[in-house]
Amino acid sequence: MEIKTFRELIDWTRDLHQHLSECLAHCAGEHKQERAQALLQYLADHESELANIVAEFEHQGNHKAMETRVYDYLNHHPLETHRTCSLPYAEMSFEQISHEVFDFHDQIMDLYKTLVSKADIPEAQELLQALLDMEEHEAMRLARQIGRMDDV
């Protein structure tokens, strides 16, 4: 998908979260370890929730910001989206699954950080900062929950 506007960036991010959710849910049923199955299902639910949260940004975002052109900024650090389902989560360990999902979120946050620093209009900067804040908050929440699961 060629991303030209912030609206398309939000759509793309939502689709990434949804795709990851579906992949994790599929692998949860295939994994042999009960602990990893629980992690995969939790992560699948979390990613689905994130897809819904990201979709709300499109509905509530400032029209001027949503239509701002973004494609010039995406040449620097494209996300490695092939990683969202190229590795067989059903065969990965609890730690490997966690690492992959956190790496995915780190890439999204790095992209948003780069875009915040380059936004030309305040509306776009505010939108991107809100998306970044949400991703950071959700990553911290995810880390806490996975830490609790790891303790069990």
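User: Why is Glu135 called buried?
Analyst: Set its value against the cut-offs. Buried means under 20% relative accessible area, exposed means over 50%, and partly exposed lies in between, with a 1.4 Å probe and protein chains only. Glu135 has a relative accessible area of 0%, so Glu135 is buried. This is a predicted model, where local features need pLDDT of at least 70, side-chain atom pairs count only at pLDDT 80 or more, and totals for chains, interfaces and linings use all residues. Residues are numbered from 1 along each chain as its sequence is written, and side-chain values use heavy atoms, with hydrogens and water left out.

User: What makes a residue a contact of Glu135?
Analyst: Contact means heavy atoms within 4.5 Å. Leaving aside neighbours within four places in sequence, Glu135 is in contact with Thr13, His17, Val54, His105, Ile108, Met109 and Tyr112. Look also at Leu50. Glu135 and Leu50 are 85 residues apart along the chain, yet their C-alpha atoms are separated by 8.5 Å.

User: Where does Glu135 lie, and what counts as a helix?
Analyst: Glu135 lies in helix α6. Helices are DSSP runs of H or I with at least four residues, strands are runs of E with at least two, and both are numbered from the N terminus. By that rule the chain has six helices and zero strands.

User: How do you know that Ile10 and Ile146 are buried?
Analyst: Use the cut-off again. Ile10, in helix α1, is at 0% relative accessibility, so Ile10 counts as buried. Ile146, in helix α6, has a relative accessible area of 6%, so Ile146 is buried too.

User: What makes a set of residues a nonpolar core?
Analyst: The members must be buried Ala, Val, Leu, Ile, Met, Phe, Trp, Tyr and Cys residues, joined through side-chain atoms within 4.5 Å. The largest such core here has 45 residues, and those with the most contacts inside it include Leu9, Leu24 and Tyr89. α1 (6-30), α2 (34-60), α3 (63-66), α5 (94-118) and α6 (122-151) each supply at least two residues of this core.

User: Why are α1 and α5 called roughly antiparallel?
Analyst: Two packed helices are described by the angle between their axes and the distance between the axes. Axes are lines fitted to C-alpha atoms, for helices over the stretch in contact, and angles run from 0 to 180 degrees between N-to-C directions. Angles under 35 degrees count as roughly parallel, over 145 as roughly antiparallel, 65 to 115 as roughly perpendicular and the rest as oblique. α1 and α5 pack at about 175 degrees, with axes 12 Å apart. Therefore α1 and α5 are roughly antiparallel.

User: How many residues of the contact of α1 with α5 are nonpolar, polar or charged?
Analyst: The contact has 11 nonpolar, three polar and no charged residues. Here Ala, Val, Leu, Ile, Met, Phe, Trp, Tyr, Cys and Pro count as nonpolar, Asp, Glu, Lys and Arg as charged, and the others, Gly among them, as polar. On the α1 side, the residues include Leu9, Trp12 and Thr13; on the α5 side, they include Val101, Phe104 and His105. Leu16 in α1 also takes part. Leu16 counts as buried at 8% relative accessibility.

User: How do you know how many disulfides the structure holds?
Analyst: A disulfide is a pair of cysteine sulfur atoms within 2.5 Å. The sulfur of Cys27 is 4.4 Å from the closest cysteine sulfur, in Cys23, which is too far for a bond. The structure holds zero disulfides. Cys27 is buried, with a relative accessible area of 8%.
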